[in-house]
Amino acid sequence: MNKNLILALAIVLFAACTANKSTSHNPLPVEFGDPFVMQASDGKYYMYGTTGGLNGFKTYSSDNLIDWKDEGQVYTGATSDSWTVDCFWAPEVYERDGKYYLWFSANWKINPTNELENFRIGVAVADNPKGPFKEMFGRPVFDPGYPIIDANLFFDDINNKVYLYYSRCCYKNPVESEIADWAKGNGWYDEIEESWVYGVELKPDFSDIIGEPVLLLRPPVSISDKQAEWESRSVTSHEVNRRWTEGSFIFKESDTYYMMYSANFFGGQNYAVGYATSEHPLGPFVKAETNPVLQKNIETGGDVTGTGHNMVLTLKNGDKLCVYHGRTEETGDNRVVFIDKMEVDESGNLIVHGPTTSESPCCLHK
């Protein structure tokens, strides 16, 4: 093979590999908490997330998952005709039959007992992923009688049912456990509050739930439970008197349902991600022995902390990406977005290849 041909081939390969590559690297220049990415029918990717101080949500668009364009605010709450007041958190957008549905958490204006946390879950609809999204019912989807956040949906093609997953907030949910007894014995706290993940079937028109919510995940009761160490770090580090199980995301691989979830204080360094598996969308779920699968790396030479509230983006070629927020020394307290590769191996183990702060991988978008 002559030198000119070799050079030409090298140029072609280099161009192919760099066509969708930029000098961007993790973290992305997007200050979102609770990021969610979906690919719309126009082929573009749209990212939604929690933005502090914003009465609503904005979106960024991308053709390659590396370069992101600020598309502005897509939903505005806290209006006179809205059921919402403030604290707009954890948006997720799903495209169904040509419409886009925005699921989110916010404080409910109906609050006769003046609760400090009065979060409920609502849904808004638009004809375009860039909005404007309008609330569908002028009320929360349902009222379980306690504050809830972090809506996540699963559309089951097997039985044509839709399932809603959410987290009951820690607020006024004190729980007896060996961890609580230990913290009380040290004189740190009078009680330990917990958040739990529930699942329930949704009506096809999203107007209400069907049946009663089912408790799916909660922090370990026993200190001897293998999950107790990493899920209790906010308490054992004397950070706060709460243990979280929140930010759930469910997907199906072969015949197994994988539910990823976050534990520990969302504003601290110990925020981390684990997962559990089940043969049914409403459980029972069994937590993985390899948890946590995503956590801070400062003890191993990195500078990433507070990794959590993730989702899984499955590309058209079947590859999976873990989208989550975290912090670095450079970003300080601001939550920023990371995207790392992940996989389910031949043994069914879920593996996240992160957190990374290296340059984005070549040809990430396939």
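Student: Is Glu 229 buried, partly exposed or exposed?

Tutor: This is a predicted model, and the values discussed here are computed from it. The relative accessible area of Glu 229 is 48%. Buried requires under 20% and exposed requires over 50%, so Glu 229 is classed as partly exposed.

Student: With which residue does Glu 229 meet in a salt bridge, and how is that partner classed?

Tutor: The side chain of Glu 229 meets that of Arg 233, with an N to O separation of 3.0 Å. Arg 233 has 16% relative accessibility.

Student: Which strands does the salt bridge between Glu 201 and Lys 161 link?

Tutor: The closest N and O atoms of Glu 201 and Lys 161 are 3.8 Å apart, and the cut-off for a salt bridge is within 4 Å. The two residues are 40 residues apart in the chain. Glu 201, at 18% relative accessibility, counts as buried, whereas Lys 161, at 34%, counts as partly exposed. Glu 201 belongs to residues 196-202 and Lys 161 to residues 161-168, which are strands E12 and E10, respectively.

Student: How many residues apart in sequence are the parts that Lys 226 and Glu 289 tie together?

Tutor: Lys 226 and Glu 289 form a salt bridge at 3.3 Å, N to O, and both residues are exposed. Lys 226 lies in the loop between strand E13 and helix H3, and Glu 289 in the loop between strands E18 and E19, so the pair ties together parts whose separation is 63 residues.

Student: How many charged residues has the lining of the second largest pocket?

Tutor: The second largest pocket holds about 320 Å³ of space. Of its 18 lining residues, the closest to the centre include Trp 89, Trp 244 and Glu 246. By class, the lining has 10 nonpolar residues, 2 polar residues and a charged count of 6.

Student: In the open sheet of 4 strands, which are the edge strands?

Tutor: The strands follow the order E5-E6-E7-E8, with antiparallel pairing. Strands E7 and E8 pair over 2 bridges, and Val 125 has Lys 134 in E8 as its bridge partner. An edge strand pairs on one side only, and the strands that do so are E5 and E8.

Student: Which residues touch the most other members of the largest nonpolar core?

Tutor: In soluble globular proteins, nonpolar side chains tend to be buried together. Another core of 15 residues, among them Val 197 and Tyr 257, lies apart from the largest one. The largest core has 76 residues, and those touching the most other members are Trp 68, Trp 103 and Met 260.

Conventions: Residues numbered from 1 in each chain as written. Predicted model: local features only at pLDDT ≥ 70, side-chain atom pairs only at ≥ 80, totals over all residues. Heavy atoms only, no water. Buried < 20%, exposed > 50% of the residue type's maximum accessible area, 1.4 Å probe, protein only. 1 Å grid on protein atoms, 1.4 Å probe; cavity = no way out; pocket = protein on both sides within 12 Å on 5 of 7 lines; lining within 4 Å. Points joined across faces, edges and corners; volume = space filled by probe spheres on them. Nonpolar A, V, L, I, M, F, W, Y, C, P; charged D, E, K, R; others polar. Pairing = 2+ DSSP bridges. Core = buried A, V, L, I, M, F, W, Y, C linked by side-chain atoms within 4.5 Å.
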